[in-house]
Structure formats: C-alpha cells, structure tokens
Amino acid sequence: MSLTLSDIQHLYAAAGNALYGGEAISQREHALQAAWLAEQAGEDDALVIACLLHDLGHLLFEQGDDDLRQGLDDLHQYKVLPFLRHLLPDEVVNPIGLHVEAKRYLCQAEPGYAEALSESSRLSLALQGGAMSPEAAVAFAHQPHAQRAITLRRYDDAAKIVGMVTPEFDYFLPRLAALAK
Ligand SMILES: [Fe+2]
C-alpha cells in the first residue's frame, strides 16, 4: 500500500473541497494553512510537509461532515500511515501518526490548551480518549518525533482561519518530491 506524489496531488485537488470536520474551511485550505504557518515560522521542510499532509487520512477515507456529531472517530491519523511509510521519511510520517495523541498530550501538559480548542476539536477530543493521564503524557513525550508532533499540532490548531491567503498545493510539491524516497 503506497501512494504516489501524483495520487496525493489528485486527492487534494479532488477531495480537498470537503469541509474540514465541523470547521468553516475546506480540507485543502486547512492543509495549506497549516503548512504555510509552519513555513512562515521557519520550520524545516519535513515539518512543513507533515503539516501539509497531516489530515490526508481524512481525504483517503472520506470522513463525513457529520461523523463527529455521530460520535465516530475515523482514526485517520493511523489509517494513513501504511500509505505513506514507503514514500516519506519518519520525520514526516511519525508526527502525522502522533498528531491526535499530541492534542491529548497538550490537554494534560499545558494549562489552558484544552479550553482554547475549537468546538469541533473539543468534540473529537472526547471521542479520541480525552486528555492523557500524567503517566501517559510522560510516555508520549519520550516517543521518537513526539516534539515534532506537538509542533505540528500547534499549526493544525491554528489552521482554521476563514479567508486566509496561502500558496496553492503545487507550491509545496518540490519539497514533497525532495523528501520522497
Ligand atoms: Fe488538522
């Protein structure tokens, strides 16, 4: 199971117009905002591309707009991994796999974080298991690329701005191609 770069490009062109679970922006806008915010902050290419592709699982498995309200956790962060492992390095793939756990971690580790989440993000948090226990948070922080996942998470949380101007998907393609195995 693996995707090609043109498969990914096509997915964002074709399926990216679907709304980003309960938010007022599309999946494509959310992905581009996350990547653009990371780039503007000076993050390295692997993190920018991880931000760009972090919700690719939603596109692959077509999470419906109502899934959250129906109490369904699509586990998109895990289901996408077999499609990316052969294409991209661990610096990109592991933070994608951990980006939901990073939210659960920050809810435990950072006062005020949970309260600042958007409504739909709070809704999905409950389905995803809620805040980590203090012990689980310590274990999480020791995993490879946990810090990159936490950094990705901050751009994910911020990338919900209606009307924000970003480059198009193809702007990020050369870096995606350079990282591809
Ligand atoms: Fe996201």
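Where does Pro89 lie? Pro89 sits in the loop between α6 (81-84) and α7. The views below take this residue and several others in turn. The model is predicted.

**View 1. Pro89 in the loop between α6 and α7.** Pro89 counts as buried, at 18% relative accessibility. Its contacts are with Leu179 and Lys181, leaving out residues up to four places away in sequence. Ala24 is 65 residues away from Pro89 along the chain. The C-alpha atoms of Pro89 and Ala24 are separated by 32 Å.

**View 2. Helix α11, residues 146-158.** Helix α11 has 13 residues. From first C-alpha to last, α11 reaches 19 Å, close to the 18 Å expected at 1.5 Å a residue. Which residues of α11 are buried? They are Ala146, Ala149, Ile150, Leu152, Arg153, Tyr155 and Asp156. In a helix of this kind, residues three or four places apart point the same way, because an α-helix has 3.6 residues a turn. The buried residues of α11 pack against α2 (27-40), α3 (45-53) and α7 (90-109), among other helices. The others include α8 (113-116), α9 (119-127) and α10 (134-141).

**View 3. Ala146 in helix α11.** Is Ala146 buried or exposed? At 1% relative accessibility, Ala146 counts as buried. Ala146 is in contact with Leu98, Phe140 and Ala141, leaving aside its neighbours within four places in sequence. Ala102 is 44 residues from Ala146 along the chain. Even so, the C-alpha atoms of Ala146 and Ala102 are separated by 7.4 Å.

**View 4. The crossing of α2 and α11.** The axes of α2 and α11 come within 8 Å. They cross at roughly 125°, and the two helices are therefore oblique to each other. The crossing is right-handed. From α2, the contact is made by His30, Gln33, Ala34, Leu37 and Ala38. From α11, the contact is made by Tyr155, Asp156 and Ala158. Of these α11 residues, Tyr155 and Asp156 are listed as buried.

**View 5. The packing of α2 and α3.** At what angle do α2 and α3 pack? The angle is about 165°, with the axes 7 Å apart. The two helices are therefore roughly antiparallel to each other. α2 passes α3 in a right-handed crossing. On the α2 side, Ala31, Leu32, Ala34, Ala35, Ala38 and Glu39 take part. They meet Val48, Cys51 and Leu52 in α3. Ala34 and Ala38 of α2 are also in the contact with α11.

**View 6. The packing of α3 and α7.** α3 and α7 pack at an angle of about 40°. Their axes are 8 Å apart. The helices are therefore oblique to each other. α3 passes α7 in a right-handed crossing. The contact is made by Ala46, Ile49, Ala50 and Leu53 of α3. From α7 come Glu91, Val92 and Ile96.

**View 7. Cys51 and Cys107, two buried cysteines.** The count comes to zero disulfides. Cys51 is in no disulfide, and the nearest cysteine sulfur is that of Cys107, 18 Å away. A disulfide would need the two sulfur atoms within 2.5 Å. Cys51 is buried, with a relative accessible area of 1%. Cys107 is buried too, with a relative accessible area of 15%. Cys51 is one of the α3 residues that meet α2.

**View 8. Leu75, with a positive phi.** Leu75 is in the loop between α4 (56-60) and α5 (76-79). Its phi is near 55°, a positive value in a residue other than glycine. Most residues other than glycine have a negative phi. Leu75 is partly exposed, with a relative accessible area of 38%.

**View 9. His145, in the loop between α10 and α11.** What is the phi of His145? His145 has a positive phi of about 70°, although it is not a glycine. The loop that holds His145 lies between α10 and α11.

Definitions and conventions. Residues are numbered from 1 along each chain as its sequence is written. This is a predicted model: local features need pLDDT of at least 70, side-chain atom pairs count only at pLDDT 80 or more; totals for chains, interfaces and linings use all residues. Side-chain values use heavy atoms; hydrogens and water are left out. Buried means under 20% relative accessible area, exposed over 50%, partly exposed in between (1.4 Å probe, protein chains only). Helices (H or I, at least four residues) and strands (E, at least two) are DSSP runs, numbered from the N terminus. The expected span of a helix is 1.5 Å times one less than its number of residues. Contact means heavy atoms within 4.5 Å. Axes are lines fitted to C-alpha atoms, for helices over the stretch in contact, and angles run from 0 to 180 degrees between N-to-C directions. Angles under 35 degrees count as roughly parallel, over 145 as roughly antiparallel, 65 to 115 as roughly perpendicular and the rest as oblique. A crossing is left-handed if the near helix is turned anticlockwise from the far one by less than a right angle, and right-handed if clockwise.
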